[in-house]
Amino acid sequence: IRGNASEVIALAALWEVQENAGAGGTRGVDSTDSVESARSAAAALARWTGGAVAVSGKTDLVTDGKVVALSHGGSHFMEKVTGCGCSLGGVAAVYAAVASPFIAALTATAVYNLAGRRAEEKVKGPGSFQVQFLDELYLATPEEIADNPFELETL
């Protein structure tokens, strides 16, 4: 599962897997909730589905319900490009064909943050960022993706 904080909280509320889920805020592509506020909803959904949940935002959160990985990075331009978060879900799905859901979500998040950082260094605005971001996704090597730092916490 991949979503912004508001989407993950709303999804958890559908199955009532989190106490106080869905308390206020817009639900959908516009997120009014912080990534940190979605932590317990994401962990509960991951445990409930037996998979992984990625919450995208300024700091991304990925969890399998037992471990939480936080990834800092990306670019402020990412929130200005329509579909950037949604396409992250597609990249995670591709990785899930060959890896566990947790590793797939971590890898997708790592490559997005790497590409976002690199693209931002080379552009002046969101229009050129979108094109450069796609190029940076293409150019990223497995070694560079693996070097993306995560903060790991056990739940």
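In this predicted model, the count of aromatic ring pairs comes to three. One of them joins Tyr112 and Phe133: the ring centres are 4.9 Å apart and the planes stand at 75 degrees, over the 60 degrees that edge-to-face requires, so the pair is classed as edge-to-face. Tyr112 belongs to helix α4 (residues 101-122) and Phe133 to helix α5, so this pair ties together parts that are 21 residues apart in sequence.

Phe133 also pairs with Phe129; here the centres are 5.6 Å apart and the planes are at 20 degrees, so the pair is stacked. Phe129 and Phe133 are four residues apart in helix α5, which means a separation of about one helical turn. The two pairs are set side by side below.

| Ring pair | Centre distance | Plane angle | Class |
|---|---|---|---|
| Tyr112 and Phe133 | 4.9 Å | 75 degrees | edge-to-face |
| Phe129 and Phe133 | 5.6 Å | 20 degrees | stacked |

With neighbours within four places in sequence left aside, Glu136 is in contact with Ala115, Arg118, Ala119 and Lys122.

Turning to the sheet, the model has an open sheet of five strands in the order β1-β2-β3-β4-β5, and its pairing is mixed. Strands β1 (2-4) and β5 (151-154) are the edge strands, each pairing on one side only. Direction ignored, neighbouring strands of this sheet are turned against each other by 20 degrees on average. Strands of a sheet pair through backbone hydrogen bonds, in either a parallel or an antiparallel arrangement.

Between β1 and strand β2 (residues 53-56) the sense is parallel, over three bridges. Which residue in β2 is the bridge partner of Asn4? That partner is Ser56. Helix α1 (residues 5-14) lies across β1 and β2 and runs at about 115 degrees to β1.

Methods:
Residues are numbered from 1 along each chain as its sequence is written. This is a predicted model: local features need pLDDT of at least 70, side-chain atom pairs count only at pLDDT 80 or more; totals for chains, interfaces and linings use all residues. Side-chain values use heavy atoms; hydrogens and water are left out. Contact means heavy atoms within 4.5 Å. Rings of Phe, Tyr and Trp (its six-membered ring) pair if their centres lie within 6.5 Å; planes under 30 degrees apart count as stacked, over 60 as edge-to-face and the rest as tilted. Helices (H or I, at least four residues) and strands (E, at least two) are DSSP runs, numbered from the N terminus. Two strands pair if DSSP finds at least two bridges between them. Axes are lines fitted to C-alpha atoms, for helices over the stretch in contact, and angles run from 0 to 180 degrees between N-to-C directions.
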